[in-house]
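This report walks through a structure for a reader who is new to it. Have the sequence and the model in view as you read.

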Amino acid sequence: MSNSRPASDTDLSALLHELNQPLTAILSNAQAAQRFLSDTMLDRAELHDILEDIIADDKRAAAIIKRLTEALKEAQRLIGEAMEEGMPR
Amino acid sequence: MSLQSETVFIVDDDPEVCRAMGRLVRGAGYDVREFNSAHDFLVAHEPDPPGCVLLDLTMPDLDGLELQRCMVASGCHRPIVFLTANHDVQNTVRAMKAGAVNFLTKPVDRDELMAALAEALAVDAAERAEWEARNTVAGRLATLTPRERQVLEKVVAGRLNKQIAAELGTVEKTIKVHRARVMQKLHATSLIQLVEIAQLAGLKGERGSASASAGSA
């Protein structure tokens, strides 16, 4: 998201929506891994792949949170500006 | 977990979510097919294998609700469990009205997901069983002669043999023979069964009062 564009409700809700994706993948991967651990034949390669995916999704979530923080700061700045303009002297 | 031949079709535009869900569902013993778009699913989907769809609501191009509409329009009644990122009351209502079995919010816990899938698969199995029973009955019904069918319609409408004989201008003994053949062809051993079979086949009794005098014949 570019900083020149004001953060709108849509941006914020889109980012929140996006955040759900890695969280969903992390939870499902972790619970799938729990299940695989109880298998008699432990598939190490599969577990390895799962952990790789969890790490990648965690980083993805962190990047989204960073964008979300920026969007919120921008929204706060715009609200501040609007309040100053609207304030009677 | 038992070995099940049911397939869960996962449709989510996020490949990581699709893969993770796939692992989780496969781990529970189901067959899994993953699709990254509604379009991919529509192209590759075969309605024959028993199963259900785990469908993401929000997708670019064709979204979950549109895919549901496409499926309903094409006569595919595979049960759908929707996944959505937020509680969206309006869309939930729309999806449920169009026949969705459940609506889950991301991120979804394993137990909640498995319960919803089990419910959807049970719905699918019940629908398939009913469809099969209907098909079997329709096949048997098709072997009746026009006269036998006439007799069947009157029997399930609650007419007595002598009434049917009078209405068809024949004797009671002939109706008894027809009636025995109808029972045999439809694999029915009682009048109640005959009425149930006729109802399953969507056959209307002549006066539409099949159960009225079922006990008196």
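Chain B has a radius of gyration of 24 Å, while a compact globule of 217 residues would have one near 17 Å. That radius is taken over C-alpha atoms, and the globule rule is 2.2 Å times the number of residues to the power 0.38. The model is predicted: local features need pLDDT of at least 70, side-chain atom pairs count only at pLDDT 80 or more, and totals for chains, interfaces and linings use all residues. Residues are numbered from 1 along each chain as its sequence is written, and chains are lettered from A and ligands numbered from 1 in the order in which they are written.

**Chain B**

| Property of chain B | Value |
|---|---|
| Span of the C-alpha trace along its principal axes | about 75 × 35 × 30 Å |
| Share of the 217 residues that count as buried | 39% |
| Secondary structure | nine helices and five strands |

Buried means that 20 or more other C-beta atoms, placed from the backbone, lie within 10 Å of the residue's own. Helices are DSSP runs of H or I with at least four residues, strands are runs of E with at least two, and both are numbered from the N terminus. Along the sequence the pattern is β-α-β-α-β-α-β-α-β-α-α-α-α-α.

Contact means C-beta atoms, placed from the backbone, within 7 Å. Among contacts in chain B between residues at least 6 apart in sequence, 62% join residues at least 24 apart.

**Where the chains meet**

In chain A, 17 residues are in contact with 16 residues of chain B. Helix H1 (9–37) and helix H2 (44–86) of chain A are the elements that give two or more residues to this side of chain A. H1(A) gives the most, with 14 residues.

Definitions and conventions
Contact = placed C-beta atoms within 7 Å. Buried ≥ 20, exposed ≤ 12 C-beta atoms within 10 Å, placed from the backbone.
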